[in-house]
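Reader: I am new to reading protein models, and I would like to go through one slowly. Could you take my questions in turn and show how each answer is reached?

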Amino acid sequence: MIKYSTHIKLLQNKIVLPLAVFIFTLLVSSCDSRPNNSYGSGEQNPTLDSVILYLRKAENQDVLKEESLRHLSEALKFTRRLNKDTVRTARLSDIRKQYRRLNEMESYRDVNAEIRVLAKELDDSLEIAKTYSNLGFYYLRKEKIDSAYNNYYLAQRMFLRMDSLFQAGKSLLTMAIIQKNAKDYMGGEASSVAAIELLKENNDLKPLTSAYTNLGLISNELGRYDKALKFHEMALEGRKREKDKGLEVSSLNNIGFAYFNNKQYDRAIAYYEQGLAYDSLFYIRTGTYARLLDNLAFAKFRSGETDELPELFLRPLYIRDSIGDKLGAVTSHIHLAEYFKSVDSAAASREQALIALEIAKPLQYHREILEALEVL
């Protein structure tokens, strides 16, 4: 490749630029001995070869983000030159996926809008439904919850009309999670159950176990701790089958939290410690590690084990501050406020509650705001 690139630079001084670009793309494609590309269109032309080349470069996770973005920009430029709308739509979908991976949400939204225009021209209902789902994801990232919910709702209705049940189930699950987070527990419960019916026939366990997790969290909020444990144990079994250690630990944390809320502190502590024992958890899922550690400290506090306090509260707070976990930091400050209140350190308790309130208010963490006010 280095020899070919050097040769092209020499040719550029003697021939016109369009011919040089044409030769470059032919040379690049000749370096790949496979007759078909991994993107599956089957179309062979220099423009498409250039798109594929730049997409492959952008996908390389060993390069800097800025370099990947440059490659994506080039891929997008060549994609817009493709004559066949179906091929252009497929390549735009690949580009959209990479912008999502790189967390470039504005570019992700713009490419998604471009795909929708093409999908409407092609009367491709499935692709249109996907653009609604992807726009819902964009709004979730922007914390525009109503807009996110509305787009997922439109997506799941379109998927259902086309009997694309798995896609409809995933959209419905996201709606259920949004409802749960907005404290619409009855709506979230109904949406979760409906999502499970659509998801359970598919071999992909991840969304199904997420639906069980959502039901467990809702049951916990409603004080149905036996049901919460049942759903979280079902989720844990699914996570084990997925062989995803990070999500396994999250399920252990959820089980521990259900026991904690049922005032079975010894059992809660056992599950938190089991989660913390997972190898390299601190490095793999730092936020989960901090949450388990803080929950362990709070369970010990409630059970009367105070020997390691308040140091056991401070460790997860330091971690949460270092990774920018503001919601976690609010929880840590509230737990510290409750601890200092219990040992008659009113000034320290008030200080911690005020810090929690200061962080929570601009982020509109309503529950945490109420908890901080209650301590005050």
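Reader: What percentage of the 376 residues of the protein count as buried?
Author: This is a predicted model, in which local features need pLDDT of at least 70 and side-chain atom pairs count only at pLDDT 80 or more, while totals for chains, interfaces and linings use all residues. Residues are numbered from 1 along each chain as its sequence is written, and side-chain values use heavy atoms, with hydrogens and water left out. A residue is called buried under 20% relative accessible area, exposed over 50%, and partly exposed in between (1.4 Å probe, protein chains only). Of the 376 residues, the share that counts as buried is 45%.

Reader: How many helices and how many strands does the secondary structure of the protein come to?
Author: Helices (H or I, at least four residues) and strands (E, at least two) are DSSP runs, numbered from the N terminus. Counted in this way, the secondary structure comes to 20 helices and 0 strands.

Reader: Are helices H5 and H7 roughly parallel or roughly antiparallel to each other?
Author: Two packed helices are described by the angle between their axes and the distance between the axes. Here the axes are lines fitted to C-alpha atoms over the stretch in contact, with angles running from 0 to 180 degrees between N-to-C directions, and those of H5 (residues 85–101) and H7 (residues 125–141) come within 13 Å and cross at roughly 15 degrees. Angles under 35 degrees count as roughly parallel, over 145 as roughly antiparallel, 65 to 115 as roughly perpendicular and the rest as oblique. H5 and H7 are therefore roughly parallel.

Reader: Where does Asp124 lie, and how far is its C-alpha atom from that of Thr86?
Author: Asp124 belongs to the loop between helix H6 (105–121) and H7. With a relative accessible area of 28%, Asp124 is partly exposed. Although Asp124 and Thr86 are 38 residues apart along the chain, their C-alpha atoms are separated by 9.5 Å.

Reader: Is Glu248 buried or exposed, and which residues does Glu248 touch?
Author: Glu248 lies in helix H13 (residues 245–261). Its relative accessibility is 5%, so Glu248 counts as buried. Leaving out residues up to four places away in sequence, Glu248 touches Leu236, Arg239, Lys240 and Tyr278.

Reader: What is the phi of Glu143, and is Glu143 buried or exposed?
Author: Most residues other than glycine have a negative phi, and most peptide bonds are trans. Glu143, found in the loop between H7 and helix H8 (145–161), is not a glycine and yet has a positive phi of about 60 degrees. At 66% relative accessibility, Glu143 counts as exposed.

Reader: What is the phi of Ser280, and what is its relative accessible area?
Author: Ser280 sits in the loop between helix H14 (265–276) and helix H15 (281–284). Ser280 is not a glycine either, and its phi is positive, at about 65 degrees. Ser280 is partly exposed, its relative accessible area being 34%.

Reader: Which peptide bond at Pro310 is cis, and what is its omega?
Author: Pro310 has its place in the loop between helix H16 (286–303) and helix H17 (311–323). The peptide bond that runs from Leu309 to Pro310 is cis, with omega near 5 degrees.

Definitions and conventions
Contact = heavy atoms within 4.5 Å.
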